[in-house]
Amino acid sequence: MSRSSSGRPAHGPLLVPVAELRRRVGNVDEVEGAVALDGAEVLGTRLADGAEATVALRLEALSDAVVITGEAEAPWEGECRRCLEPVSGMTIGDIDEVARTMPLDGELAIEDDRIDLTEAVRAAVVLALPMAPLCSDDCMGPDPEAYPVTVEDKADDDEAPPPDPRWAALSELHPDE
Ligand SMILES: [Zn+2]
C-alpha cells in the first residue's frame, strides 16, 4: 500500500507483521514499538499533537485469528481542575484486540500479513486519559477559603444525621402525647 519501501516512516502507522506468527497455532510473539498519534482531547485533558505512544504487546496465534493484548503509554497535558495550572503526565491504556483476515464487528483486519494497530493504540490511550487531573493530590485551588474542597470528605461522614426538624416541630405542637 505504501509506495515507499525504503526505511520506516518516522510517523507511520503501527503495522505488526504476523506471517511468521501464524505458521503454527499457539505461537506467541512479543512486540515493542512506538507510534505517533494525532491530538485527541477528553474534557480538560489532551494528547499532544504528534505525541508518541509506546506499546508493549503480546500476540498469540489461534487457528483463525490473532489475539493481541498489552499496554500503550502516551504523554498527555491539560489543566489542573482546581487551580487551572498546566499539568501533564502519562496515560497507560490496555490493549485487548482480536484480528482476522475476515474480521467480525469490532475486530481488526489482517491485511498483507500485517495488523494495523494504530487506531487500537489511540483508543486505548484516549480511554485512559484523566478526566479531571490535579497538579497535586492536595492542590487547594486558587482560593481555598472561598472554595474549600470538602464535598468528597462529607460523603464518608458516618455520624448520625441531625434530628429531623419536622419531628421537633410536631412534639412542640403536641407536648402531652
Ligand atoms: Zn492545582
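Which side chains are joined by a polar contact of 2.7 Å? They are those of Arg100 and Glu107, where a polar contact is a pair of N or O atoms within 3.5 Å; within protein, one must be able to donate a hydrogen and the other to accept it, and residues adjacent in sequence count only if both atoms are side-chain atoms. Some notes for you follow.

1. First, the ground rules. This is a predicted model, in which local features need pLDDT of at least 70 and side-chain atom pairs count only at pLDDT 80 or more, while totals for chains, interfaces and linings use all residues. Residues are numbered from 1 along each chain as its sequence is written, and side-chain values use heavy atoms, with hydrogens and water left out.

2. Now the overall layout. The chain holds nine strands and three helices, taken as DSSP runs numbered from the N terminus (helices H or I, at least four residues; strands E, at least two). Read from the N terminus, the order is β-β-β-β-β-β-β-β-β-α-α-α. Of the 177 residues, 29% are buried; buried means under 20% relative accessible area, exposed over 50%, and partly exposed in between (1.4 Å probe, protein chains only). Among contacts (heavy atoms within 4.5 Å) between residues at least 6 apart in sequence, 59% join residues at least 24 apart.

3. Next, the core. The largest nonpolar core has 35 residues; such a core is a set of buried Ala, Val, Leu, Ile, Met, Phe, Trp, Tyr and Cys residues joined through side-chain atoms within 4.5 Å. Leu57, Leu59, Ile68, Ile115, Leu117 and Val121 touch the most other members. Elements giving two or more residues to this core include β5 (52-61), β6 (66-79), β7 (86-100) and α1 (118-127). Leaving out residues up to four places away in sequence, Ile115 touches Leu14, Leu15, Val16, Val18, Val66, Ile68, Ala99, Leu108, Ala109 and Ile110.

4. Ile110 deserves a look of its own. This residue sits in strand β8 and counts as buried because its relative accessibility is 7%. Beyond four places in sequence, Ile110 has contacts with Val18, Arg22, Val66, Ala99, Arg100, Thr101 and Ile115. Pro17 is 93 residues from Ile110 in sequence, yet their C-alpha atoms are 9.1 Å apart.

5. Back to Arg100, in strand β7. With a relative accessible area of 18%, Arg100 is buried. Besides Glu107 and Ile110, its contacts beyond four places in sequence are Asp64, Ala65, Leu108 and Ala109.

6. Then the metal site. The zinc ion has as protein donors the SG atoms of Cys80, Cys83, Cys135 and Cys139, lying 2.3 Å from it; donors are N, O and S atoms within 2.8 Å of the metal (3.2 Å for Na, K and Ca), and water is not among the atoms, so sites may look incomplete. Angles of 103 to 114° make the site tetrahedral, a label for four donors with all angles between 85 and 135 degrees. Cys83 belongs to the loop between β6 and β7 and Cys135 to the loop between α1 and α2 (151-155), so this pair ties together parts 52 residues apart in sequence. Cys135 is partly exposed, at 39% relative accessibility.

7. Finally, two backbone angles to check. Leu84 is not a glycine but has a positive phi of about 65°; it lies in the loop between β6 and β7 and is exposed, at 60% relative accessibility. Asp113, in the loop between β8 and β9 (114-116), has a positive phi near 60° and is partly exposed, at 42%.

How values were computed. Tetrahedral: all angles 85-135°; square planar, octahedral: opposite > 155°, others 65-115°.
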